[in-house]
Amino acid sequence: MSLSIKNSAQLSAIAWLRWRLFVNALRTTPGKLELLSRTLISIAFTVLGLGGAFGMGLLAFICLSQGKPQLLAIFFWIVFFFWQVFPIMATAFTSQSDSSDLLRFPLSYSSYFLVRLAYSAFDPASVIGSLWSLGILFGVVFAKPAVLPWAALVVLSFVAFNLLLMQMIFAWVERWLAQRRTREVMGILFVLLMLSFQLIGPLTGRYSRRARPEVHRFVEVIAPVQGFLPPGLAADAIVQGIYPQWPVALSSLSLLCGFALVIGYALHMRLLAQYRGENLSEVAAASAPTERQAHLGWNLLGFSSPVAAVFEKEVRYLMRSGPMLLTLIMPIFALLVFRFGAMNSARHPIGFLARTTDMAFPFAAAYMLLMLTNLVYNIFGGDAAGIQFFYAAPVSFRDIVVAKNLTHAGILAVESVMAWAVVALLYTPPALDITVATLAGLVFAAPLNFAVGNVLSMYSPKKLDFSKFGRQRASQMTALVGVLLQLVVVGIGVAVFSIGRYFGNSWVAALLLLLLAGASFPVYVMILKRMDRLALERRDSLVAELCRA
């Protein structure tokens, strides 16, 4: 009884602390803007959750009404994949609270475990997945009201399994991300995972046009196997409860609960290690001192030594980053997907790029800008506590910002050359007017993105912690502003290219984009001149946010 009272008091204190942090954040302008962005994103998530729940419920009702209860497994698999994959895909629009920070306080292990589950329960993926599961439950109950208690128990067990699995994956991924070697391996695996998602569309289009014997054989093999996995077990437990065949239904539910217990134990092992003070240090073991030859830093023609030094630091950091590798590969891989996806039907080419191959290079350029958003709109995030050295060094922040922008511009230039070569290889070499118009569009969009990104980096910075899952993205307000600006920039580009196609001359588009570039570059210069003053005014909040533990 005393332990329960102690846990309740600790949980109440944590809830009060979170509430006070939220209220105090509203006293600042960035906090109010962050609330606005979270409200807009929450509305979008609510529409997704309620709309998906209605769709799941309606489809479940139709399947049971038409005597096809075995199709319930498809809906449970959809919920399962969404629940586990969505947190990875939407880290830019979700708030990831690090519960391990609470371990510095005298918190009991049971309270820590419950806090971790509570944080997970309020994650957007959990809320949306729970709503979709509730929609399936309503659909089943409307079709078969007598099965309500049993179906509710099965759905509750399925929700608990997904909740535990998501937290278990997060906990173990954080364990692997805590050290450089395993972090590099995880970065490669993440890149491969993201690239594999791009293949879903072409593969679906390829195998959905006509029936193939190998596809039917694959379905016949995979159908019994999925019945022994949690989504299949949840569907089977409900189906067997409808008929009813209670021994089979109970066995399916027991196996589902067994999966949940195993996942819960794996989560318990990881959280218990954290609770006991596990500290995975990346500091190398002490070794005998050796003489090392000093190497001179890089020299950039036309730029000062501080700019060259920061530029070298940025390049070296980014070249060792998994997200950077993904940024470089994704636009090129997207061209491959669109190309070979369009070749699935030789007689009837499909897809935008298959019909208008001259737009392949502009499409790749727009994709490159989108992939750079996370880097451009949070330029100090990777520096973390190192921001203090920038303030201590006799260097102007304008030079620091110029070096960071120059790094991103260099990435954009390299990607542009790679994209042009891939477009020329896979489609047709871009015409001179299309090439000039696309480069003019980049010259217009890049300074505008850099200017807005520099301001947001001062007013809404966020520390990037590559050892914590979901802590590699900018703040929600920054992400929302970035997406809106990219939509505006891409919309302007589409409108200008449409004007050029209307007149049958892309040089018109190139001229208009050069005029727009002439307007965006002064905006960038104006913002750049104010960087020193902004850095001085925002030094306390900037250092406090980036040096946060």
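At what angle do the axes of helix α4 (residues 109-121) and α11 cross, and within what distance do they come? In this predicted model, the two axes come within 11 Å and cross at roughly 120 degrees. Angles of 65 to 115 degrees would count as roughly perpendicular and those over 145 as roughly antiparallel; α4 and α11 are therefore oblique to each other. The crossing in which α4 passes α11 is right-handed. On the α4 side, the contact involves Y109, Y112, F113, R116 and L117, which meet L267, H268, L271, L272, Q274 and Y275 of α11.

These two helices belong to a chain with 23 helices and zero strands. Of its 549 residues, 45% count as buried. Among contacts between residues at least 6 apart in sequence, 81% join residues at least 24 apart.

A pair of aromatic rings is described by the distance of the centres and the angle of the planes. The structure holds 20 aromatic pairs. One of them is formed by F82 and W132, a tilted pair with 4.5 Å centre to centre and 35 degrees between the planes. F82 lies in helix α3 (residues 72-89) and W132 in helix α5 (residues 124-143), and the two residues are 50 residues apart. Both F82 and W132 are buried. These two residues also belong to a cluster, in which ring pairs link F45, F82, F86 and W132.

A further pair involves helix α11, the partner of α4 in the crossing described above. W150 and W246 are arranged edge-to-face, with 5.3 Å centre to centre and 85 degrees between the planes. Because W150 lies in helix α6 (residues 148-177) and W246 in helix α11 (residues 246-275), this pair ties together parts that are 96 residues apart in sequence. W246, by contrast, has a relative accessible area of 37% and is partly exposed.

Charged side chains were also found over aromatic rings. The charged end of R270 sits over the ring of W172, 5.2 Å from the ring centre.

Key:
Residues are numbered from 1 along each chain as its sequence is written. This is a predicted model: local features need pLDDT of at least 70, side-chain atom pairs count only at pLDDT 80 or more; totals for chains, interfaces and linings use all residues. Side-chain values use heavy atoms; hydrogens and water are left out. Rings of Phe, Tyr and Trp (its six-membered ring) pair if their centres lie within 6.5 Å; planes under 30 degrees apart count as stacked, over 60 as edge-to-face and the rest as tilted. Helices (H or I, at least four residues) and strands (E, at least two) are DSSP runs, numbered from the N terminus. Buried means under 20% relative accessible area, exposed over 50%, partly exposed in between (1.4 Å probe, protein chains only). A charge sits over a ring if NZ of Lys or CZ of Arg is within 6 Å of the ring centre and within 35 degrees of the ring normal. Axes are lines fitted to C-alpha atoms, for helices over the stretch in contact, and angles run from 0 to 180 degrees between N-to-C directions. Angles under 35 degrees count as roughly parallel, over 145 as roughly antiparallel, 65 to 115 as roughly perpendicular and the rest as oblique. A crossing is left-handed if the near helix is turned anticlockwise from the far one by less than a right angle, and right-handed if clockwise. Contact means heavy atoms within 4.5 Å.
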